[in-house]
Amino acid sequence: QSDRWQKWLMVVFTLGALAGCAGLYASAGMQSVTGTYLGFGSALAVWAWLEATFLFGLITGPRHSRCPGGARGLRRFRLAFLAVRDHELALLAGGAVVTLLVAGGDNHAGLWTYLLLWGMRLSAKLNIFMGAPRAASVLIPKRLRYLTSYFRTDRISWLLPVTIIVSIYPLWALMSLALGEADAHRAVAFMLLTTFMALAVLEHIFLVLPVSDEQLWLWAARDRAAPEPTRDTADCGGGEEGRSPAHMTPARTAPGETRAKNTPHKRGTSSWT
């Protein structure tokens, strides 16, 4: 919405994260439904703080520029990693903190929640880097728009269908555990994890489906009138030389906006508005 709220929002997120750490420690010894919900919510509070520091541009990486032309293979991966390195290290440190907070108890619902979020988030990042045609870039804040140059949207990589298929097994396993668990607090924990896993799989499917899922949130974004500039052929991750890749089209327009004159319409896409 606006940078002027960033400082106060970070105060709120930080207080929430501190409360989350206290909640994780307290919930570790609570073998009850209340303890499960407390651990689950506390893990979300810690995760929310880490996400906020990234989206506000406070913890990202040492590289703050677009991917240079001609970058391919390991060089492209190294540059992309440098753009988010510090955030990845922060997620690793957050996982260590959560582990230490619940290590002394028997209720690990908060730890499993954090690990599931972390694992599926990492999977989504890798798939967007390697190739996901519907990787949404409209909602990325201006301060992080350079990250879209590391997206590859001209193809579907082999990793994306493999990820979706492989993710079905842990989803089925968690659902089976939830339905077959006799203890109420453990059944609740498995059902919460099942729900999150299902949402994570759905998120990966949306990277392929021709639907504009970001239309759900654009109504709340003030900064939507200036979409990400058209990527030129100098950016990495593009298509073959001499061919116009799919991601060279401008970012999808927000509700109420009109497409620029002579801008090619991407076939096969649809909108919920």
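Okay, hi everyone. Some ground rules before we look around. Because the model is predicted, local features need pLDDT of at least 70 and side-chain atom pairs count only at pLDDT 80 or more, while totals for chains, interfaces and linings use all residues. Residues are numbered from 1 along each chain as its sequence is written, and side-chain values use heavy atoms, with hydrogens and water left out.

So, what is the chain built from? Six helices and zero strands. Reading from the N terminus, you get α-α-α-α-α-α. When I say helix, I mean a DSSP run of H or I with at least four residues, whereas a strand would be a run of E with at least two; both are numbered from the N terminus.

How much of the chain is buried? Of the 273 residues in the protein chain, 44% are buried. Buried here is under 20% relative accessible area, exposed is over 50%, and partly exposed is in between, with a 1.4 Å probe and protein chains only.

Let's look at a helix pair. Two packed helices are described by the angle between their axes and the distance between the axes. Helix 2 covers residues 33-55 and helix 3 covers residues 73-102; they pack at about 165 degrees, with axes 10 Å apart. The axes are lines fitted to C-alpha atoms, over the stretch in contact for helices, and the angle runs from 0 to 180 degrees between N-to-C directions. So helix 2 and helix 3 are roughly antiparallel, a label for angles over 145 degrees. Their crossing is right-handed, meaning that the near helix is turned clockwise from the far one by less than a right angle.

Now the charged pairs. Side chains of opposite charge can pair when their charged atoms come close. How many salt bridges turn up in the whole structure? Five, where a salt bridge is a side-chain nitrogen of Lys or Arg within 4 Å of a carboxyl oxygen of Asp or Glu.

One of them joins Arg121 and Glu51, with the closest N and O atoms 2.4 Å apart. That pair links distant parts of the chain, since Arg121 sits in helix 4 (residues 109-130) and Glu51 in helix 2, 70 residues apart. Arg121 is partly exposed at 21%, but Glu51 is buried at 15%.

Then there's Glu88 with Lys125, at 2.3 Å between the closest N and O atoms. Glu88 counts as buried, at 15% relative accessibility, and Lys125 is partly exposed at 22%.

One more: Asp154 pairs with Arg152, and their closest N and O atoms are 2.9 Å apart. Asp154 is buried at 16%, and Arg152 is buried too, at 14%.

Over to helix 6, residues 184-206, where you'll find Ala187. Ala187 is buried, with 17% relative accessibility. Which residue does Ala187 sit 8.8 Å from, C-alpha to C-alpha? Val33, which is 154 residues away in sequence.

Last stop, the surface. Trp5, Trp8, Leu9, Val11, Phe13, Leu15 and Leu18 make a nonpolar patch of about 710 Å². Patch residues have over 30% relative accessible area and no salt bridge; nonpolar side chains (Val, Leu, Ile, Met, Phe, Trp, Tyr) are joined within 5 Å, and like charges within 9 Å. The areas come from the Shrake-Rupley method with a 1.4 Å probe, and for residues only the protein chains shown count as cover. Take Val11: it lies in helix 1, residues 6-27, and is partly exposed at 39%.

How values were computed
Parallel < 35°, antiparallel > 145°, perpendicular 65-115°, else oblique.
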